[in-house]
Amino acid sequence: MKQASLSLRLTLRGGSTLFSCLSNSPIFRVTDLNRLSVASITHMAPQVKEMPQADGEKEEDPEKKKKKEEKAREKELKKLKAAQKAEAAKAQAEKGSQPSKKAEQKAAKKSVSDENQEEYQDPPTPLGEKKRLAPEMAKAYNPSTVETAWYQWWEKSRFFVADANSKKRPFVIVLPPPNVTGALHIGHGLMSAIEDTIIRWRRMSGYNTLWVPGMDHAGIATQVVVEKKIMRDRGLTRHDLGREKFVAEVWKWKEEYGGTILNQERRLGATLDWSRECFTMDEKRSNAVTEAFVRLYKQGLIYRDHRLVNWDCVLRTAISDIEVDYIDINKRTLRKVPGYKNPVEFGVLTSFAYPLEEGLGEIVVATTRPETMLGDTAIAVHPTDQRYMHLHKKFAIHPFDGRKLPIICDSELVNPEFGTGAVKITPAHDPNDFAVGKRHNLDFINIFTDDGLINSNGGKEFEGMKRFDARVAVIEALKNKGLYRGSVDNEMRLGTCSRSDDVVEPMIKPQWFVNCSDMGREACEAVEDGRLEIIPKQYEAEWFRWLRNIRDWCISRQLWWGHRVPAWYVSLEDDSYKEFGFYNDHWVVGRNEQEAVDEANAKFPGKVYHIEQDPDVLDTWFSSGLFPFSVMGWPENTADMKTFYPTSLLETGHDILFFWVARMVMLGMKITGSVPFKQVYLHPMVRDAHGRKMSKSLGNVIDPLEVINGITLEGLHKRLEQGNLDRNELEIAKAGQVKDFPNGITECGTDALRFALVAYTAQSDKINLDIQRVVGYRHWCNKLWNAIRFAMLNLGKDFVPCKDLNVGSLPFGCKWILTALNKAISKTVTAMEAYEFSDATSAVYSWWQYQLCDVFIEIIKPAMSADDNSTSAEIKQSTRDTLWICLDTGLRLLHPFMPFVTEELWQRLPQMPGDASRKESIMISDYPAAVEEWTNDDIESQMALIELTVRSIRSLRMTYLLQPKQRPEAFLLCKTDDVAVVLEKCAAEICTLATLASVKVLRESDAPPIGCAVNIVNEQISAYLLLRGQVDAEVELSKLSKKKDDISRQQEALSKKMNIPGYNEKVPAHIQEENLAKLNKLMAEMNIIEEANANFEKLLVNSR
């Protein structure tokens, strides 16, 4: 039977939920029971449509009848209130227009509030100066107000700048350089939050911290953006402009629009050393790229060869593996392809026959790319396949040009159990076939031009056709020749370019490659011997698997934007072939053209020649792979290189472990002789709250700035409309936003977003980001704000912090909060050192929320409000001193996670006059360390006993529905004197936390008074709550009885409906489901009422 979920929540003061009742599986949560009476236990299930009555059934639904009665009563009540209001108005008119005393007080209060408003508003702060704070704290936390001005002051004060000459131990992170075309997304937000948290913590812990900002030139992405802009603005292609002018346009665009993302990093509070900001194509980084290429070439690790590459026919360049997105296709699927008017069909396996020579018949093959048969140069079979033994060393005849295709035997490629057991081989356009071609010395026939047209090798019938138009034409031609054998649906993975969305075409091109076999082995050894640590450790297996099977890396790209390959082709006067690049041994490499000429002279002495530089540029990942040491000034032996390299940590997403991290390690070890960083921390990928990948077409992409600043639903829609989604995608995306963000996104501020993202890192390799959790942390910031407001009010304007706190003489609560703080510090530091950021946030949050705010601030309120006699004054001063230490230490503990609100609150704390140790900013203050004299295990165990006792008493309050204003007496029956002494000593704390009038500790020989409810705390303590005079059990039992009767009638009527003949067949399924949920809800309510009934009957017995 399906269960309905009735939600009745019971929450104590302070917000802690202590009770849930399970009955027939529904979960009941009880909220604010102190404000709940029996009469308020009402039906909370959603409204459901009435089920049609069976024929002849006249009885009215009791619930419906009840609702009519309630409406009638409400109507009469409204009439009565209206009459009373009219009577009151008449009386007021007779008294004249004199305002009431209450109204006068309210108006006076508002007038004073208006006069003092300036005291709560921060005055304007000139740019870069320390923030000017209002004399009084605002009554509520406002993130946009709090986060103003601090960053500009930090930056101008050079708090972020590292000193290469410092004697402090260095700690260095290089920011993974975002693309120059990029805008901030939530992945950047996560990365920035984690890295800045680490850097701030290390800086406060006494390290010489350096966090280097940089930006990647993003070859393909940037070229595509600028090409589109030129076409849109001027109707020109890059070829119309020419290379030199086009590159000038890209630089112009970069200066105007590029780098937006680094400015957005400031909004996230990122304490990057902006004095060291760099760009992968600035002069120093370009020199480093050239130097690295030359050195690796001279070591024989860079070479030029004709190899199969991923080719983009739209961009007309080779692309890296990371730029290929794979789409799983399960059946025939139509998909849009750039440059084609109509969608192209994929997911189809087409079979056709090749005629055999000597009249031997035919051999049938199958392919998902029929157009590539124009470049077939063989047919492969398995050497043991009996069906084709007679065809070994025979030939098939190509139907369009008559060339002979050898039948070859290949056990590595061919599976005789799959399909016909015969495989067409196209060495120039398929990775597996390329390997077969090499093994069997086959011809490699390229049938495509760079822009994806059929070239002359494809035959006159198809020459000039687009490749997917040729697919249709080839199939039609095969049909005409009687060679077509049909097609079936076929599962496949389709590779597309992430930049252009074009279908990737494997093509043989002359390219520059890096030999990675030895470097890959060395990178594995670095992890094995501990020189490099990968965190989380689970990614080590993937590291080894990839590097042990690494292929050589194609590093050349047929683009104009990027680092030009520092290689020149030498054309000799007596060369037989004059085509550029024809001879692989005619290349020379140099740092500049003069070096290239010198190399050519040495290589071809006495020859007449001219040289021309390779027009290709290097893969963006090549320059990014040098980043950890190129940012330090390599190849020069700079002060930064000496002090800060190798770096300490690389923090990035696990999705680029191989494409970037592995390449940095390989290049760093080969070029500098050491690993570029000692540790790698791989953060999870951010998904939406439902676990889906963020996608513009789903409308679930989250912009961190929209979370920080807040945005309406209309604003979210507008962002979608400014994108490039088609109409259908736009509607789907908008519907997704309406579902996930019906009221838009609340302004959360940077601190709440950062804290939420760092706390989420416990979710392994994926983060399912729920914005409501961020909103929750924004509310928590308000709690912090109010804690400091309470402190400022109670410390007083003349408070001076104590220099030396005598812990031994402190009250119990003060000793406890300090030992709890010590434990929080230890947990936080331990977690940070282990990169367990979620545990760190949990430790900090728990101390602030559950120990400082929920307990300590509550138990010190009586002391703070006590009269200043000699004893209470001393206790009050000790309590104030402890509170100040807690706030100062707690804010420093929290600062790396929430930099803005902690800076503002810390600056408001009273200071010791002439304290030279106090720093100008919290961000350069010392991070808390555990203080040995604060640790007190006895106090901790005593407080644990008190908290257990308080929870037990609160449970009784909930059970008997006591209101917050009701303060009964409590009696604690103790079996041992040791426990009794502790409880007697802490009676005041128990009274405060459990909202009691008094607490009396009883020994075993004592008896609690009549009229008490009892709860067992543990084997040594029983808690008695005197409810006589607080609760009228008979009245409550009467209410419960009426409620029980009402629910029984509803249950009976609903059960009768659900048991009529033909119910399951005649009543719609959704109505049946609603009725079942409704019945379960009623059953659950009945269980709650019966439990409450038993409690009050027990109380009635105990009261007699």
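How many of the six residues of strand 20 (residues 492–497) are buried?

1. Five are, so described because buried means under 20% relative accessible area, with exposed over 50% and partly exposed in between (1.4 Å probe, protein chains only). This is a predicted model, in which local features need pLDDT of at least 70 and side-chain atom pairs count only at pLDDT 80 or more, while totals for chains, interfaces and linings use all residues. Residues are numbered from 1 along each chain as its sequence is written, and side-chain values use heavy atoms, with hydrogens and water left out.

2. Strand 20 runs antiparallel to strand 10 (residues 324–329), to which six bridges join it, and aspartate 325 stands opposite threonine 496 of strand 20. Strands (E, at least two residues) and helices (H or I, at least four) are DSSP runs numbered from the N terminus, and two strands pair if DSSP finds at least two bridges between them.

3. An open sheet of four strands has the order 34-33-36-35, with mixed pairing. Strand 34 (998–1002) and strand 35 (1012–1016) stand at the edges with a single partner strand each, so one side of each is left without a neighbour in the sheet. Strand 33 (residues 969–974) and strand 36 (residues 1021–1026) run antiparallel and are joined by five bridges; leucine 973 has serine 1022 of strand 36 as its bridge partner. Helix 30 (residues 977–985) packs on the sheet, touching strand 33, strand 34 and strand 36, where contact means heavy atoms within 4.5 Å.

4. Helix 10 (residues 283–298) and helix 19 (residues 657–672) pack at an angle of about 75 degrees, their axes 11 Å apart; axes are lines fitted to C-alpha atoms, for helices over the stretch in contact, and angles run from 0 to 180 degrees between N-to-C directions. Ala292, Arg295 and Leu296 of helix 10 make the contact with Leu667, Lys670 and Ile671 of helix 19.

5. The largest nonpolar core has 182 residues, and those with the most contacts inside it are Leu769 and Trp848; such a core is a set of buried Ala, Val, Leu, Ile, Met, Phe, Trp, Tyr and Cys residues joined through side-chain atoms within 4.5 Å. Leaving aside neighbours within four places in sequence, tryptophan 848 is in contact with Trp780, Leu784, Cys853, Leu887, Gly890, Leu891 and Leu894. Another core, of 66 residues, lies apart from it and includes Ala162, Met519, Leu547 and Phe629.

6. Helix 23 (residues 749–759) is mostly covered, with eleven of its eleven residues buried, including the charged-type names Asp751 and Arg754.
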